[in-house]
Amino acid sequence: MAPRNKENKQSKGRRGDNSSREESDREWEREKDGDEYRKRRDRNNQAVRRSRVKSRMRTQQTLERVNQLKTENELLEEKIRILTKELGFLKDLFLAHAGNAHATDLNGIDLERLLSDTPKEAPTTSSSTSGTSRSRSKQY
């Protein structure tokens, strides 16, 4: 992009006039050395620095967020693996009890309560059945 200066403005209409071009060149040189030019350049340089710092900060924040989400994703995937394994164990346990002819009557058990997400106090059972369930829960 061409810098905005008086030379560009004047030369558009007077291409054949070399004397005015030389005048505008001299005028531009004087303006270039002036305080106004230096102030504009300094302001522009500061704006560029601020813009680059902001860009670096946005990039750094994005990378940190990506790493945070990756870590969170790994933890969630591990939780899925653990819960899937636990679900399989509990299904096998339930099927083993349901298929056992000597098992207690399952009609009296509230399956909805057992499968609900909120833990509730389990009914007390006899000491012989509580010992077996404790040993089975240790298997996984």
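Residues are numbered from 1 along each chain as its sequence is written, and side-chain values use heavy atoms, with hydrogens and water left out.

**Salt bridges**

- Side chains of opposite charge can pair when their charged atoms come close.
- The structure holds two salt bridges (a side-chain nitrogen of Lys or Arg within 4 Å of a carboxyl oxygen of Asp or Glu).
- One joins Arg 38 to Asp 42, at 3.5 Å from N to O; both residues belong to helix α3 (residues 35-99) and sit four residues apart, about one turn of the helix.
- Helices here are DSSP runs of H or I with at least four residues, numbered from the N terminus.
- Arg 81 pairs with Glu 78, their closest N and O atoms being 2.8 Å apart; these two are three residues apart in helix α3, about one helical turn.

**Exposure of the partners**

- Arg 38 is partly exposed at 44% relative accessibility, and Asp 42 is partly exposed at 35% (partly exposed lies between buried, under 20% relative accessible area, and exposed, over 50%, with a 1.4 Å probe and protein chains only).
- Arg 81 is partly exposed at 48%, as is Glu 78 at 36%.

**Confidence**

- The chain averages a pLDDT of 75 (the predictor's confidence in each residue, from 0 to 100).
- Among the elements of the chain, α3 has the highest mean pLDDT (95) and helix α5 (residues 127-137) the lowest (45).
- Where pLDDT is low, the predicted coordinates should not be read in detail.

Key
This is a predicted model: local features need pLDDT of at least 70, side-chain atom pairs count only at pLDDT 80 or more; totals for chains, interfaces and linings use all residues.
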